[in-house]
Each structure stands twice: as C-alpha cells, then as structure tokens.
Amino acid sequence: MHALNSQAKRLLVAEQARFSRLHPQSLALAKRTQSHFLYGVPMHWMNDWSTPAPLFIKSAQGVHLTCADDIDYTDFCLGDTGAMFGHSPVAVAQAIAKQANHGLTAMLPSTLAPATGDALSDFFGLPFWQLATTATDANRFVLRWARAVTKRNKLLVFDGCYHGTVDDTMVDVVNTKTINRPSLLGQVYDLGLHTISVPFNDLAAVEQALSKGDIACVLTEPVLTNCGMVLPKTGFIEGLRALTNQYNSLLVLDETHTISTDRGGWAKAHQVVPDFLVVGKPIAGGLPAAAYGFSHDMAKRMQAEKDQAPAGHSGIGTTLSGNMMTLAAIHATLTEVATEVAYQHMLALAETLALQLSTMIKTRKLPWNITRLGARLELQFCATSPTNAVEARRAQNDILESAIHLYLLNRGVLLTPFHNMMLISPATSQDDIARLIKHFDACLDAILAA
Ligand SMILES: Cc1ncc(COP(=O)(O)O)c(C=O)c1O
C-alpha cells in the first residue's frame, strides 16, 4: 500500500494541475465567491472535494451535469443521494411547476395530502407519517417522540454512525467510553451522558446496554453507509428488533441512504418492522423534504403524549415542513419516478457495474473490494467488506481516494467525494456505466504506472 500511496500522490498533483487548466470559469467563480461565502462556497462542505477549487455547476438533468466550463459529467454522486432518482426528473419538475403558481406554503394541508400519505404508506409499508424538511430534523423529531413515549432518556447508536447533524449522535467511542466527536464544533454538553455508542454487528454489546433499562431507542441505518459501507451480519438487524422488544426500547431505522436497497428500503425488503422509519434526501426528487413513519400502536402512544402535554411549543416540527410544494414533489417522486420499473433498472445496472469493477480489481491483484447495497456501490481499500467502523476506518485511504476521484472527474465522471461511493439512478444508462469503466480502468493503470 505504501508504494501505491506515493504513486497516487504523484498522480494527484498532476491531476490538480489538469483540473486548473480545464476549468478557468470555475476558478474565476471560486475567486469571486470568496468575497461573501465562508471558504468561498454556500456550504463549507462543498469544498470537501479533491479539486483545487469547487466545480461550479451550470445545469443538471438526469445523470448529466454541465459545469461552468461547459464540460459534461456523468454523475454517480447524485448529490450524495439527494438526487438518487436523477436530476430534475420530468414528473417532479412538472409537479413543481404546476404547484408553483398555486401556493408554496400555507401552514395548512394541501389537497394532495391524502394521496401523499397513501404514497408514503404504499412505498415503505408503514401506516402513519409525519414530515420534516431534512433527514436530520426527522431523526431529531423521532428521538424526541421516542423519549416522550418511553419516558427514558438514553439513546443507543453505533460506532461510525451518521444521522445528519443530530448532536445526540455525534459521538465516538474511546476505550468503550462514549465521548463527543472531536470534530463537533460548538457543542458544550457532554453527549456521553445520554448517548451510548457500541460496535455495529455486536449484539452482545447491544444487549448489555439495553439490559440496564434506560434506553429509549436504538437508532441505526440498516447498513452503515457513512464510515464506508458496513453490511449487517445475517440476523443482526433482526436481532436488534428482538432485543429492543425484549427490553421495551424502540427500534429506529434511518433509511435515508438504504433506500437504495430496493423499492421501500432495506426494512421492507427484509421484512423487519421498525418502530420508526426515517427517510429524507431523495424522497422529493431533490427538493428539501423528509418523513418518518410509524405503526398504529406508536401513533396511539404519540397522540396520548401530545394530548396530555400542556399547549405550547412542542419542539417537533418546523414551519416549512410538509408545505404544499413539498407534498407535490414527494407525491410525484414516489408514484411516478421511484417506481418498480425504475428500481429494476437501477439494481440490474448496479450489479453489472459491481461485477465489472470487481473484475478490474482482481485482474490487477489489488487487495480491494466492491461492496453493494442495491443501487449503491462502494470501492473499499480492503480485501473483504468491513464488519464494523474500526475495520472500515482502517480501509480508508485519503490519498488514493482523492487521486481516483480527481482523475475520474477530470475525465467527466463524478464519484461521491466521501469514500468511493457510486449511485445508479433510473436515468443512468449502459453508456454511462461504460464511461466510468473505461476511465476507472485507465485510472488504475495510471496509479500503477505513476
Ligand atoms: C443516514 C443519514 N441520515 C440522515 C442524514 C441527514 O440528511 P440531511 O443532511 O439531508 O439532513 C444523512 C446525511 O448524509 C445520512 O447519511
């Protein structure tokens, strides 16, 4: 790996120079944007790419982006899942345009509310829903409900988790002690007082924590996707369901990324029924929207809590959540874009891509692997898929990652800047896959020859 790192470093330097040559307009925009935006970008993480300056986007349609320098890209990042069903899907764009002249937000349900409830229920299989504007908010609201209905304070999460910027979940484990994540800015509370973090795929550690009887809920993605991809061992999530039932805790599954598994997400595909299911990012086709679903029984418990509470600010919900525009976009996305046919296409292409990437890696005897969750794939720098965050972190290699990303970006192929993640959308074609394969093949040669 050491030799590969030096080779990747040389390639990275060459590709940074190439980016600057190819992107004079992006460089000029970056200079101007410095005047009024921190780090020169509307959101500081827009700078977290391996490019010397951000790539400024002129337009996006399907899986193609055009940058300020009029270069075309095939997008496998897809807004880190926000655009998983393609950029500006026609049905969503039409629904937004139709709604745009008839009100955007009113603090009242639009006439599309019943059909949107039907669509959410049909898609994910849970009967009751509430909306939020981001998945972060949906997680935060669910934690509040979970604590309210169980009358317990604590939360159990897994090492390496990410559920958006929910402070309660921004923890690390050091010598089995849960501490604030050192990267978390401006948090003055000791999050370890109410959050416990244990290793993923470790049911014994989960049971030990739950047996104390003070945990309101276990919050997890069915597959960890934010520390590299970590698949659950057979029976792990089912085990969580059984243990949370046994110790009267709740199981919250965050399907914001695992919606890639199949239509309806991981839980539906594996017939696990959580107490709460959280989903965000692509459900409104790229417009900010999120939702959380729950059972009849949970709805009764939540309503009982709310009815008993004094009137006033509950802290569950924000003004623009569930607005008229959002309902139109969610309805169009779930009923017209994220269809069975769309998923069949996505899964078949993802399987083909995984196979082709694996073959290229094997041919060169590189100790890497491809981990796949439906329409989501990840290249990992380890011979077999990791089983927890410690193994996943060990497989990360920033230099190799940056070199691969930038090499591909300079040839019109975008991967997600975090890890080596690739998403297949309903708009991805065989030609798009061929473009990635061709340049990935050449990239491996370039690294090995650099
Ligand atoms: C699993 C998961 N949940 C929630 C979120 C938060 O989404 P948002 O940033 O849209 O609030 C993310 C973001 O990456 C995520 O990966």
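**Rings, spaces and strands**

Visitor: What makes Trp129 count as buried?

Guide: The relative accessibility of Trp129 is 12%. Buried means under 20% relative accessible area, exposed means over 50%, and partly exposed is in between, with a 1.4 Å probe and protein chains only. At 12%, Trp129 therefore counts as buried. Before we go on, a note on the model: it is predicted, with local features needing pLDDT of at least 70 and side-chain atom pairs counting only at pLDDT 80 or more, while totals for chains, interfaces and linings use all residues. Residues are numbered from 1 along each chain as its sequence is written, and side-chain values use heavy atoms, leaving out hydrogens and water.

Visitor: How many aromatic pairs are there by this rule?

Guide: The count comes to 11 aromatic pairs. The rings of Phe, Tyr and Trp (its six-membered ring) pair if their centres lie within 6.5 Å; planes under 30 degrees apart are stacked, over 60 edge-to-face, and the rest tilted.

Visitor: Why is the pair of Phe124 and Trp129 called tilted?

Guide: The ring centres of Phe124 and Trp129 are 5.5 Å apart, and the planes stand at 45°.

Visitor: Which residues do ring pairs link into a cluster?

Guide: The cluster consists of Phe85, Phe123, Phe124, Trp129 and Tyr343.

Visitor: How do you know that Cys161 is in no disulfide?

Guide: A disulfide is a pair of cysteine sulfur atoms within 2.5 Å. A search of the whole structure finds 0 disulfides. For Cys161, the nearest cysteine sulfur is that of Cys227, 8.7 Å away. Cys382 is in no disulfide either; the nearest cysteine sulfur, again that of Cys227, is 11 Å away. Cys161 is buried at 3% relative accessible area, as is Cys382 at 15%.

Visitor: What makes a space a cavity rather than a pocket?

Guide: On a 1 Å grid over the protein atoms alone, a cavity is a set of points where a 1.4 Å probe fits but cannot get out, whereas a pocket is an open set with protein on both sides within 12 Å along at least five of seven lines; lining residues have an atom within 4 Å of a point. A volume is the space filled by probe spheres set on the points, which are joined across faces, edges and corners. There are 2 cavities of 30 Å³ or more. About 80 Å³ lies in the largest cavity, whose lining of 14 residues has Glu378, Leu379, Gln380, Ala395 and Gln396 closest to the centre. Strand E14 (residues 376–380) gives the most to that lining, with 3 residues.

Visitor: What lines the second largest cavity?

Guide: Trp49, Ser50, His405, Leu409, Val413, Leu414, Leu415 and Pro417 line this cavity, which has a volume of about 50 Å³. Helix H13 (398–409) and strand E15 (413–414) each give two or more residues.

Visitor: How many residues line the second largest pocket?

Guide: There are 26 lining residues, with Gln130, Leu131, Ser321, Gly322 and Leu327 nearest the centre, around about 650 Å³ of space. The largest share, 6 residues, comes from H4.

Visitor: How do you know that strands E6 and E7 pair?

Guide: Two strands pair if DSSP finds at least two bridges between them. Strands E6 (residues 171–174) and E7 (residues 177–180) are joined by 4 bridges and run antiparallel.
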